[in-house]
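Thanks for coming. I will take a few minutes on one structure, starting with its pockets and ending with its sheet. Please have a look at it first.

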Amino acid sequence: MNNIKKIAIIGKGKTGGRVVELMQDARRPHDVFDSRTDFINVSWNSYCGAIVFIPAAALAQHLETFIQSNLPMVIGTTGFDFQSDLKQKLITRKIGWIHGRNFSLGMQLMHSILTYLGTATSLLPDAKGHIHEIHHTKKLDAPSGTAKAWAEWYGDKNIPITSERLGDVIGDHSFTLTTPLEKITVQHQALSRTIFAQGAVWALDFLLQNYKSKQLYGLLPFEQIVPLALQP
């Protein structure tokens with residue numbers, strides 16, 4: 001067991017804490033860090049990969065150190081704009097990072113559905129789309145990163161998006177396509193934050209198992225990874 005490299009879990013908030021629970025339940029070797037850690041002095045060669053759920057400001061502060069770690073990483077930080085040259089830096093080092101705004105594997109089915117609906121504009125030329133999202137009151141960004149992703153998947157970044165902040169709602173997204181004569185609605189509700197932690201752990205495992213053989217280097221969107229896993 002001592003020779004098995006550990007997973008670095010960086011961030012122990014709502015989602016990072018669930019990642020920690022999953023690691024504990026599976027008895028997988030891991031260490032937990034938060035955004036206040038002195039990452040410069042971390043012995044990165046003790047780890048095989050990292051899962052990162054820290055605020056955008058903290059990620060910006062530690063980004064260069066994370067690059068220098070040479071670790072495959074899964075990054076779930078929202079509201080962060082990655083540097084334009086980051087992808088090439090990672091490719092040069094032969095490192096793969098998977099980033100996502102929502103690590104629900106069920107959400108990837110929504111990706112396929114919305115992409116397909118986006119191709120139907122010629123069939124329903126009068127259709128108008130609308131996205132509505134609901135989250136807990138402590139969520140600061142609006143619209144959510146997932147809602148913005150839905151707009152991208154549908155193929156119209158200018159689609160109207162409305163937001164609500166209610167109680168402790170984990171995540172409730174709906175997409176409605178309306179014509180003068182009919183309405184189509186698809187919805188995704190997160191019932192537990194564990195789905196995000198499960199997806200992040202799945203993503204890191206897939207990356208560790210395949211990044212060399214499939215040359216998964218650079219900055220990789222989560223929604224591009226799931227289809228790779230479904231290929232025969």
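Let me begin with the lining of the second largest pocket, which by class holds 10 nonpolar, 12 polar and 6 charged residues. In that count Ala, Val, Leu, Ile, Met, Phe, Trp, Tyr, Cys and Pro are nonpolar, Asp, Glu, Lys and Arg are charged, and the others, Gly among them, are polar.

Before I go on, this is a predicted model, where local features need pLDDT of at least 70 and side-chain atom pairs count only at pLDDT 80 or more, while totals for chains, interfaces and linings use all residues. Residues are numbered from 1 along each chain as its sequence is written, and side-chain values use heavy atoms, with hydrogens and water left out.

A pocket here is an open set of points on a 1 Å grid over the protein atoms alone, where a 1.4 Å probe fits, with protein on both sides within 12 Å along at least five of seven lines; lining residues have an atom within 4 Å of a point. A volume is the space filled by probe spheres set on the points, which are joined across faces, edges and corners.

The second largest pocket has a volume of about 460 Å³. It is lined by 28 residues, and T77, F80, F82, H99 and R101 are the closest to its centre. Helix 5 gives the most to this lining, with 5 residues. Helices (H or I, at least four residues) and strands (E, at least two) are DSSP runs, numbered from the N terminus.

Now the largest pocket, with about 950 Å³ of space. Its lining has 37 residues, with T15, G76, T78, H136 and K139 nearest the centre. Two or more residues come from helix 1 (14-26) and from helix 5 (145-154). Helix 1 has the largest share, 3 residues. By class, this lining divides into 10 nonpolar, 19 polar and 8 charged residues.

I10 stands opposite V52 in strand 3.

Note on methods:
Two strands pair if DSSP finds at least two bridges between them.
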